[in-house]
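Hi,

Here is the structure I promised to pass on.

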Amino acid sequence: MSLRPKKTSFTPIYKQIESYLDELYLYQRCKVESIKIYQAVYELCNSYPKAYDARLYKNLIKYFQNYTIEVNKKLISSSSEMITVYAEEWKKFHLLTKYVNNLFSYLNKTILAQRLAGDEDDELRLNNGNLADLMDGGGNEESNWNQDTGLDEMGEGREIPLGPILGFDRMSLLKLTHLIWKQQIVLQLQLHQQDTLMHHVFQLIESHRNYKLINLQPIFELNQSLILMENCNNEESEVEDLELYKAQFETPYLKLTGLYYKRQAAGFLGEGDMNEYMIKALERLQFEEDLISKICHESSYKKAIEPVEFELIINYQEKLNLAFQNFLINSQFEQCTLAYKLLNRIKNGLDPILQIFENFIIKLGGEEIFEFEKASTKDPRIYVEILLNLHTKFIQITQNTFLNDPQFIASVDKAFRRIINAKRDPKLDKYGQPPEMLAKYADLMLKKGVKPIATTNSATSNTGGSGNSQQLTAEISDIDPEVKLSNMIVLFKYIDDKDLFQKFYSRLLAKRLINNLSISEDQETLMVQKLKTECGPEYTTVLQRMITDLQVNRDLNNLFKAYLSSIEFKSVISTNFMILTTGAWPLNNSSSSTTTTTNLRSEFRVPEILNSSITAFQTYYHSQHTGRKLNWLWHLSKADITLNYLPKKYELNCSLYQMSLLYLFNDLETLTLDQIQTQLQLPLSDILNILKSLIDNKLLNPIESPLDQNLPKTQEFSLNLNYNNKRFKLKLTQSTAAEVQMEDKETVKKVEEDRKLYLQSVVVRIMKSRKVLTHTQLVQEVFELTQSQFKPSVPFIKQTIESLIDKQYMERSETNRDSYSYLA
């Protein structure tokens, strides 16, 4: 192959090229080697003295125009098979043209180089116009161009200027051929054949939607052709040009889809109930998504499904919401799932049913609590287990029905927060607030010797309640205590007044530890750790200190016993001492029950049998800890004694006060009230409580006079020498229900006092840091800092602010009365 320019004759060489193209496009075969065609193109483009590149380019336009005209005729005659024929013809044309484009790469290079050079006077000037003008010499009516031969009347003596073509300058052969296909086939069918091509496309799509067996691949290939026509030469561009695709297919497709499913939705609703409607709607949505993936460009996926969602879901959203509510009430959770799947497809579609779900839980929870309040037994275990069962049920519903959707889990959380923190009727609220109930529930789970729940046949609601109390009791007893406490923490998270829970829990923990009633020290530590995880270390500092004191006391008593052995101390009784850190233990320290180390007998007179052991412990403790002061909490002390005056021996576990009173009967068979008070040195109210507990337990003979402040000093009390009991080990209780209720009220009162101080410290801390704040900003920051403990009301915050202004910690701004300034 010679690269030197030479004089050539255009006609014979072009006929060779044209023959080659016929072989390819008409018969899909070629007898001529491709290198010869490449050489022919090269020779024409480098002909001497005049190159034939423009003329070759123009003749190729004519060739491909004639070819596409024949394809157009074939399509029109194919009738119902038009889409299939189009897909086949396009596939062949596109593949062959890509191949031919490579063979004519030198022509492409020449043409594109001329365009880049910007030669305005070049013969190959392509301006805006119509492709049909290519054949009339650029609109020159006097042109001598021979359309059959591609030559003028003078043979090869003159080049004919190339006519305009669709607003493009010079372009590659690949782009040119695609442009001709678009103009001669796609647009011609649209303008002159009543858009027959796309009409057939949409007919096939509707047939497919009506469940007829349709081959969708030709439709996909047609859409691909619309995109390739515009992007055949856009390898450098990252964004595809989809204008032709959108105009020809996407826009009418969206419109026709909406009309089709508008008819379908009305038909579905007329044929059955909402359950059947939802089933059919989901089937159609899935069907349409499958259809879209098979025929549309990926950019259309979201847009193409929107008309279906609008007609099947948005237009019937109110009916779907109402149906969801009915399904939920009737526990038709499979139908709820159908509604969820439909509404989850549209923007904000879940908002109404989330509110319905939340309100349903609140209503059901309120009914359960109301039934509990009406019952005769107010056991905290029943209260907590009702809520836990309800919570477990709706978490399972969320997982199974709503596919573990975080929004529905959040609705469960909101609902239970409202249930647990709801203000109830004070007449029915005699058993305490939820924080108190949870604290007492934890106490029962961690305490030894707790009796089973008394079973009753209280009814519950029919909409998913926890069943009757007998069933609930069985469920409670079958669960491991550690699991129960973990479940209880779930409810604890919803409590607003966590400080109230902490006060009750610490008081009950103290009683368990002091009275040795805890089932396990490890369980107590684990529970404190769970609370610490939820609320932070500051929340559990006091609780952890109590458990630490218990561990320290164990070592202290072991060392004290070793000390007694070293000094050969002899005693007829065994003692165990507990040292409780002041401020860590929520214990009453009244004057009537406290004795100091400097004057042990100033109030309560300890029995002589205990004095030597107490004195020995004081001596040892002060030798180990200099400067510490011991305050004796006699009212919390316990004793184990043996009754030897009866035919059978009984072992009693009682308070130190009860033991001291019984110990007086070792010397006298009968004692007057005055003698008892003189010996014990306790207030009359305490002595009356001790006597009542002993009479109630039948250890003392009953008296006719009531045990009150008017009881005469000469009233005599004696032992019941005929006492008999099946059990040999007895536990005497002294606390009454009234006393426990009084302790609860005092705890609540203490919390209210602590809140005032805590809120004042929070406000001062904020103002000290910020110096100046508006009222709204201050209230907002107070809410943020206190929410881990409790949620103060706005009036409470206002009262605290006014109190601090009076105490001159802060002041109102003179220029802005809604602003506060900190006073150093």
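A word on contacts before anything else: two residues touch when they have heavy atoms within 4.5 Å of each other. This is a predicted model, so bear in mind that local features need pLDDT of at least 70 and side-chain atom pairs count only at pLDDT 80 or more, while totals for chains, interfaces and linings use all residues. Residues are numbered from 1 along each chain as its sequence is written, and side-chain values use heavy atoms, with hydrogens and water left out.

Let's start with the interior. A nonpolar core here is a set of buried Ala, Val, Leu, Ile, Met, Phe, Trp, Tyr and Cys residues joined through side-chain atoms within 4.5 Å. Buried means under 20% relative accessible area, exposed means over 50%, and partly exposed is in between (1.4 Å probe, protein chains only). The largest such core has 157 residues, and Phe104 and Phe249 touch the most other members. What does phenylalanine 249 touch? Leaving aside residues up to four places away in sequence, its contacts are Met198, Val201, Phe202, Ile205, Asn223, Leu226, Leu244, Ile295 and Cys296. Another core, of 51 residues, lies apart from that one and includes Ile579, Tyr650, Leu684 and Ile687.

Now the salt bridges, meaning a side-chain nitrogen of Lys or Arg within 4 Å of a carboxyl oxygen of Asp or Glu. There are 29 of them by that rule. One joins glutamate 250 to lysine 303, at 2.9 Å from N to O. Glutamate 250 sits in helix 9 (residues 243-271) and lysine 303 in helix 11 (residues 301-312), so the bridge ties together parts 53 residues apart in sequence. (Helices are DSSP runs of H or I, at least four residues; strands are runs of E, at least two; both are numbered from the N terminus.) Glutamate 250 is buried at 6% relative accessible area, whereas lysine 303 is partly exposed at 29%.

Arginine 345 and glutamate 309 form another bridge, at 3.2 Å from N to O. That pair spans 36 residues, with arginine 345 in the loop between helix 13 (333-343) and helix 14 (351-374) and glutamate 309 in helix 11. Glutamate 309 is buried at 10%, and arginine 345 is partly exposed at 26%.

Helix 22 contributes Leu556, Leu559, Phe560, Tyr563 and Leu564, and helix 23 contributes Ser613, Ala616, Phe617, Thr619, Tyr620 and Tyr621.

Most residues other than glycine have a negative phi, and most peptide bonds are trans. Tyrosine 48 and proline 49 are joined by a cis peptide bond, with omega about 10 degrees, and proline 49 lies in the loop between helix 2 (34-45) and helix 3 (53-78). Asparagine 404 has a positive phi near 60 degrees and is partly exposed at 40% relative accessibility. Glutamate 568 has a positive phi too, about 55 degrees, and is exposed at 63%.

Cheers
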